[in-house]
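This report concerns a single structural model. Please view the sequence and the coordinates together while reading.

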Amino acid sequence: MELTFAPLFSGSSGNSVYVGCGDDHLLVDAGVSGAKILSELAKIGVKPGELSGILVTHEHVDHIRSVGILSRKLDVPVYATEGTWAAMESKIGEIPERNMRIFDKRQDFYIGRMEIRAFSLPHDAAEPVGYTFFSGGTRFSVATDIGCVKESWLKEIDGSDAVLLESNYDPGMLAAGNYPYLLKQRIASRKGHLANEDAGEAAVALARRGARRIILGHLSKENNFPELALKSCEAAMLQAGIRPGQDVAVGVALRDGITGLFAIRREEMEAFL
């Protein structure tokens with residue numbers, strides 16, 4: 001059974017990613033309104049009652065805005081680490097105990113046909129994680145909200161066929177922008193967000209480790225442009241002897257709607273929409 005994924009929303013204003021395999025349909029984060037998420041899911045033929053669960057990366061509002069609403073409305077389980085549950089519980093409202101799924105990030109777990117592995121990321125949250133999904137010999141990873149490039153998290157997603165990778169800001173735009181000084185410091189810190197150049201470095205490492213598609217995501221609306229993030233990543237790849245579009249497909253996730261539905265197979269990778 002093939003593994004499919006679709007970035008639904010990806011940016012500083014809100015994030016949500018669809019991951020599916022057969023009759024199993026998951027969300028990673030729900031950081032925009034529930035109505036918007038359900039509207040984008042409908043475009044790929046996923047009905048509200050078909051959702052199998054919501055996996056949370058961390059407790060910041062651009063990742064949990066409608067987690068509680070969707071869980072209560074659709075009677076859907078919510079999966080998070082103990083640290084994230086403690087940090088987000090007061091923000092998402094009451095969740096029935098039957099739908100509270102607290103997991104240990106040191107142990108893989110299963111939802112339907114998908115094996116799921118959570119891995120730690122350097123970010124200023126209680127217990128932030130990314131996720132890798134396994135099915136039929138294929139892998140897809142979500143790695144956003146990352147303060148710096150580290151071997152620890154790169155190693156966790158070795159061999160991923162496709163990766164949604166953060167490329168949040170351009171350092172020059174951030175420095176010249178109107179953000180308060182402390183916010184600029186936070187974003188640029190080793191527990192903040194990944195700059196375009198750092199994303200390029202990570203993309204090179206991931207391509208060398210087997211990635212065939214890299215989608216840059218979580219771009220800042222104020223401190224980045226899709227074209228700038230893409231060119232920065234492609235330049236890093238070319239310098240490393242990797243041919244964008246031939247050795248690895250590179251794209252940018254849309255901020256305000258579905259980017260596309262991607263299917264991962266052992267022999268090839270297809271994009272729909």
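The model is predicted: local features require pLDDT of at least 70 and side-chain atom pairs count only at pLDDT 80 or more, whereas totals for chains, interfaces and linings use all residues. Residues are numbered from 1 along each chain as its sequence is written, and side-chain values use heavy atoms, with hydrogens and water left out.

**The sheet**

Helices (H or I, at least four residues) and strands (E, at least two) are DSSP runs, numbered from the N terminus. Seven strands form an open sheet of mixed pairing, in the order β7-β8-β9-β10-β11-β12-β13. Strands count as paired if DSSP finds at least two bridges between them. At the edges stand β7 (109-111) and β13, each of which pairs on one side only. From one strand to the next, the twist averages 20 degrees.

Strand β12 (residues 213-217) has five of its five residues buried, so it is largely enclosed by the rest of the structure. Buried here means under 20% relative accessible area, exposed means over 50%, and partly exposed lies in between (1.4 Å probe, protein chains only). Arg213, Ile215 and Gly217 point one way from β12, while Ile214 and Leu216 point the other way.

| Partner of β12 | Sense | Bridges | Facing residues |
|---|---|---|---|
| β11 (residues 162-166) | parallel | five | Leu165 and Leu216 |
| β13 (residues 249-252) | parallel | four | Val252 and Leu216 |

The chain passes from β12 through helix α9 (residues 226-239) to β13 in a right-handed β-α-β crossover. Right-handed means that, with the strands pointing away from the viewer, the path from the first strand over the helix to the second runs clockwise.

**Helices on the sheet**

Helix α8 (residues 196-208) lies across β11 and β12 and runs at about 165 degrees to β11. Helix α9 packs on the sheet, where it touches β12 and β13, and its direction makes about 160 degrees with that of β13. Such angles run from 0 to 180 degrees between N-to-C directions, with axes fitted to C-alpha atoms, for helices over the stretch in contact.

Asn196 lies in helix α8 and is buried, with a relative accessible area of 1%. Leaving aside neighbours within four places in sequence, the contacts of Asn196 (heavy atoms within 4.5 Å) include Ser167, Asn168, Tyr169 and Asp170, as well as Asn224 and Leu228.

**A helix pair**

Two packed helices are described by the angle and the distance between their axes. The axes of helix α1 (residues 34-43) and helix α3 (residues 67-74) come within 9 Å and cross at roughly 65 degrees. This makes α1 roughly perpendicular to α3, a class that spans 65 to 115 degrees; under 35 is roughly parallel, over 145 roughly antiparallel and the rest oblique. Gly34, Ile37 and Leu38 of α1 meet Leu70, Lys73 and Leu74 of α3. The residues of this contact comprise four nonpolar, one polar and one charged.

**Ile116**

Ile116 belongs to strand β8 (residues 114-120) and is buried, with a relative accessible area of 0%. Beyond its neighbours within four places in sequence, Ile116 contacts residues including Leu26, Leu55, Phe109, Ile111, Tyr131 and Phe133. Its C-alpha atom is separated by 12 Å from that of Ala80, 36 residues apart along the chain.

Methods: Ala, Val, Leu, Ile, Met, Phe, Trp, Tyr, Cys and Pro count as nonpolar, Asp, Glu, Lys and Arg as charged, and the others, Gly among them, as polar.
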